[in-house]
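Me: I have a structure open and would like to go through it piece by piece. Can you take my questions as they come?

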Amino acid sequence: MKKIKIAIQKSGRLNEDSLQILKDCGISIDNGKDQLKASSRNFPLEVFYLRNGDIPQYLRDGVVDIAIIGENVLIEKGQDITVAEKLGFSKCKVSLAVPKSVKYQSVKDFEGKRIATSYPNTVESYLKEKGVKADLHIISGSVEIAPNIGLADAICDIVSSGSTLFKNNLKEVEIMLHSEAVLAVSPEISEENTLLLEKLRFRIQSVLRARQ
Ligand code: PRP
Ligand code: MG
């Protein structure tokens, strides 16, 4: 029988809640934690554990049919990918932050400044809209350290509890977007798997209603 392929985050913030929502949908997954692929016993579904940032490309190529992913990742590198369902968990912001000691007035203060980020497209389009030109330094993690080591004047990253900013003596000054986990769909999904997707969505919708 045909199975629908779903990508979920391999490790990190979305992983646990993503598996939980599948479980709440009555889908049991035979999980070897270190396996990159797993199957369900009671729903025609295969799970692929992938890196967040790779998921948009896998959807685009039709390697997976659907994914549970942060909206922020789709905004950064998957604007062409359709969202079928907002899932209500893993809420966060993508924000600009500067050292606490800086007297911040407006977004114009970023003019000519060096900003460290893993979200270059998001920052660029935000600043472009505000008519501000800055110098982006793309790094893939631990972004908040950048101002402390003299690599940048400011950062743009995910803010959830705010504790990473706090610990690194930074303050949030611009919220660029609000994000949560979503169910995203490959443009290449087959008709057969679209039917499976509809079944899954039906279950997800009732789980989300029950959670309210
Ligand atoms: C993420 C993100 C922020 C932090 C925000 O980093 O990049 O640094 O979480 O969460 P908070 O507001 O609750 O502190 P993560 O720990 O996932 O590691 P990474 O930056 O190395 O990917
Ligand atoms: Mg981080």
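Me: How do β4 and β11 pair, parallel or antiparallel?

Reply: Strand β4 (residues 66–70) and strand β11 (residues 181–185) are antiparallel, with five bridges between them. Strands here are DSSP runs of E of at least two residues, helices are runs of H or I of at least four, and both are numbered from the N terminus. Two strands pair if DSSP finds at least two bridges between them.

Me: Which residue is the bridge partner of Gly70?

Reply: Ala181, in β11.

Me: Before I go on, what kind of model is this?

Reply: The model is predicted: local features need pLDDT of at least 70, side-chain atom pairs count only at pLDDT 80 or more, and totals for chains, interfaces and linings use all residues. Residues are numbered from 1 along each chain as its sequence is written, while chains are lettered from A and ligands numbered from 1 in the order in which they are written.

Me: Back to the strands. What is the order in the open sheet of six?

Reply: The order is β2-β3-β1-β4-β11-β5, with mixed pairing. At the edges are β2 (37–39) and β5 (82–86), each of which pairs on one side only. From one strand to the next, the twist averages 30°.

Me: Which strands does α1 lie across?

Reply: Helix α1 (residues 13–24) lies across β1 (4–9), β4 and β11, and runs at about 140° to β1. Axes are lines fitted to C-alpha atoms, for helices over the stretch in contact, and angles run from 0 to 180 degrees between N-to-C directions.

Me: Now Thr82. Where is it?

Reply: Thr82 is in strand β5.

Me: Why is Thr82 called partly exposed?

Reply: Because 15 other C-beta atoms lie within 10 Å of Thr82. The label buried takes 20 or more other C-beta atoms within 10 Å of a residue's own, exposed takes 12 or fewer, and partly exposed is in between, with C-beta atoms placed from the backbone.

Me: What does Thr82 touch?

Reply: Leaving out residues up to four places away in sequence, Thr82 touches Ala184 and Val185. Contact requires C-beta atoms, placed from the backbone, within 7 Å.

Me: Change of topic: what are the domains?

Reply: The domain assignment gives domain 1 (4–90 + 180–211) and domain 2 (92–179). Such bounds come from an automatic or database domain assignment. The C-alpha centres of the two domains are 29 Å apart.

Me: How many residues are in contact between them?

Reply: Eight residues of domain 1 are in contact with eight of domain 2. On the domain 1 side, helix α3 (residues 71–77) gives the largest share, five residues.

Me: And β9, which strands pair with it?

Reply: Strand β6 (residues 92–99) runs antiparallel to β9, with five bridges, and Ser95 stands opposite Asp157 there. Strand β7 (residues 114–117) is parallel to β9, with three bridges, and Thr117 stands opposite Cys156.

Me: Last one: which residues come nearest to ligand 1?

Reply: Of the 13 residues around ligand 1, the nearest are Gly141, Ile158, Ser160, Ser161 and Thr164. A residue counts as near if its C-beta atom, placed from the backbone, lies within 6 Å of the molecule. β9 (154–159) and α5 (163–167) each supply at least two residues of the shell, and β9 gives the most, with three.

Note on methods
Two residues are in contact if their C-beta atoms, placed from the backbone, lie within 7 Å.
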